[in-house]
Amino acid sequence: MVKATSKHLEEWASPRTVIVFSLLFVAALWAAVSFWIVVARDERIATTRESLQQMNHAVEDQTRRQFRLANVILAVCAAWLEANPDRDPRSDPGFHRLVVDFRDRTAAIDIRLVTADGTEIDVLSEPSERLEKVADSDYFRGTPGRDGLFIGVPTHRQADDHFELPIARRVLAQAFPMLVAVIDLGKLTTVYEKQRPKPGGVITLLRSDGTVLATAPDNPQLLGQPITGVTLPDAQLTPSLQPLVFEETTAGQRRQFTSYSTLPDFPLSVMVSADYDAALAPWLKQTLWVIVLAIGVTLPLAVVSLRSLRLLRALANQDAELHYLATTDRLTGVSSRQHFVAAVEERLQGANGEQGPLSILLVDIDFFTRINDGYGHAVGDRALVSFAEAATACLRGADMIGRLGAGEFAMLLLDTDISAAIVVAERIRTATAGIAIPTDNGTVQFTVSIGASQACATDQSFDDLLKRSVEALQTARIGGPGQLAVV
């Protein structure tokens with residue numbers, strides 16, 4: 001049980017296990033980090049989408065109120081002109097009060113009269129100022145019949161360097177067949193500027209044909225120009241279009257998230273854009289922190305794993321050394337007594353009917369004490385080493401040799417009956433006789449006495465087999481040095 005538990009612990013504490021679990025943990029960690037990065041980015045885009053849609057609705061409502069107000073003003077003024085065909089609106093106090101009241105209430109919308117020849121007149125100037133000819137303007141030529149509105153491209157007023165957005169309406173008045181409500185783009189842009197996403201966000205008001213009518217931040221160069229890089233749906237064909245969000249990459253512009261919607265009651269579209277990098281900046285910052293944290297976990301884990309591997313290697317080397325010391329005789333290099341006995345015990349306990357014969361040779365160097373006493377322990381050690389080498393050379397790879405005592409050795413011969421064991425014993429006696437150890441006091445030669453015995457079915461332990469081997473060895477000694485006996 002203890003041996004099985006030790007083996008189980010060794011498997012768990014092996015270098016391969018450390019490497020596999022470390023790699024699995026690192027892979028799981030970075031898989032989780034990658035999953036979080038993707039999910040967090042999608043959540044950030046979803047948040048940006050929701051924010052842009054809400055902002056788009058707010059801008060759309062603000063724009064719709066402004067143009068509805070202009071439409072109401074035009075309708076009231078048109079009704080006055082049609083109800084008073086004989087009165088001159090340029091000098092009539094009633095019309096003046098009507099226009100002044102509207103201007104005071106709106107602050108961003110002016111009313112202009114347009115004559116049949118295309119001259120625009122500001123009725124509140126003293127005297128009524130003829131502004132300029134607008135006969136070539138798109139709204140003068142493009143405004144439909146009565147009750148129809150036309151939103152023209154922004155115009156630049158040189159007097160105060162302002163841009164105006166004209167909204168034209170035809171009326172049934174001979175002298176002034178057209179009214180124009182002029183929205184101050186500077187004030188409209190200021191409203192948009194407060195609402196646009198910052199930094200890098202853009203709010204754009206477009207006519208249904210894609211013409212830019214207003215932008216925030218203010219960009220006069222874009223006013224009246226067709227927008228490029230974005231395909232807008234026809235507002236008249238899709239009046240119920242819901243705000244959409246998409247990513248766009250336009251040449252010369254930065255990547256943006258854009259939400260747009262159309263005004264069903266006006267030929268207008270509203271676009272609200274957020275800078276791609278600015279919108280994802282919080283996600284990118286969080287991602288960097290998560291990556292730094294993951295690296296902070298991975299690097300110490302790598303260091304711990306490397307140190308663990310080094311420790312396991314050191315323990316493995318130490319364990320191998322301890323195993324060698326526990327199983328090997330340090331002088332001769334053959335098996336120690338404990339290891340040899342354990343091997344024989346294991347062989348006997350695992351014996352079964354199919355097992356081949358097993359024999360033991362018990363060998364003792366004759367007069368080994370005299371060698372130690374007469375020539376010194378160093379020569380005695382050389383004698384032991386020389387014999388172990390000679391005896392090992394006489395054995396097969398599956399056989400085993402162990403040192404049991406001072407000059408006593410034992411050989412375990414597997415699948416060997418007693419007759420074959422005798423042959424091996426004779427080879428060992430012959431090889432031993434050829435050993436010669438030169439010393440200062442002459443050459444040392446020696447012989448060995450050998451007792452041979454074959455394992456029986458009744459043997460339950462090494463002691464049973466050893467007893468017969470010892471008996472055989474004693475019989476050999478009685479016969480004199482260099483003898484072989486079998487029991």
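Exposed means over 50% relative accessible area, buried under 20%, and partly exposed in between, with a 1.4 Å probe and protein chains only. This is a predicted model, in which local features need pLDDT of at least 70 and side-chain atom pairs count only at pLDDT 80 or more, while totals for chains, interfaces and linings use all residues. Residues are numbered from 1 along each chain as its sequence is written, and side-chain values use heavy atoms, leaving out hydrogens and water.

Now for the other side of the helix. Phe-462, Leu-465, Leu-466, Arg-468, Ser-469, Ala-472, Leu-473 and Ala-476 of H11 are buried. These residues span an arc of only 165° around the axis, which places them on the same side of H11; the arc is that of the directions from the helix axis to the C-beta atoms. An α-helix has 3.6 residues a turn, so residues three or four places apart point the same way.

H11 itself runs over residues 462-478, and its 17 residues reach 24 Å from first C-alpha to last, close to the 24 Å expected at 1.5 Å a residue. That expected span is 1.5 Å times one less than the number of residues. Helices (H or I, at least four residues) and strands (E, at least two) are DSSP runs, numbered from the N terminus. Just after H11, Gly-480 adopts a positive phi of about 115°.

What covers the buried residues of H11? The cover includes helix H7 (337-349) and the strands S13 (358-365), S15 (408-414), S18 (448-454) and S19 (484-486). Contact here means heavy atoms within 4.5 Å.

Those strands lead us to an open sheet of five strands, ordered S14-S15-S13-S18-S19 with mixed pairing. Strand S14 (400-403) and S19 stand at the edges with a single partner strand each, so one side of each has no neighbour in the sheet. From one strand to the next, the twist averages 20°. S18 and S19 pair in the parallel sense over three bridges, where pairing requires that DSSP finds at least two bridges between two strands. Ala-452 sits opposite Val-486 in S19.

Two helices meet this sheet. H9 (residues 377-393) packs on it, touching S13, S14, S15 and S18, with its direction at about 10° to that of S15. H11 lies across S13, S15, S18 and S19, at about 145° to S18. Axes are lines fitted to C-alpha atoms, for helices over the stretch in contact, and angles run from 0 to 180 degrees between N-to-C directions.
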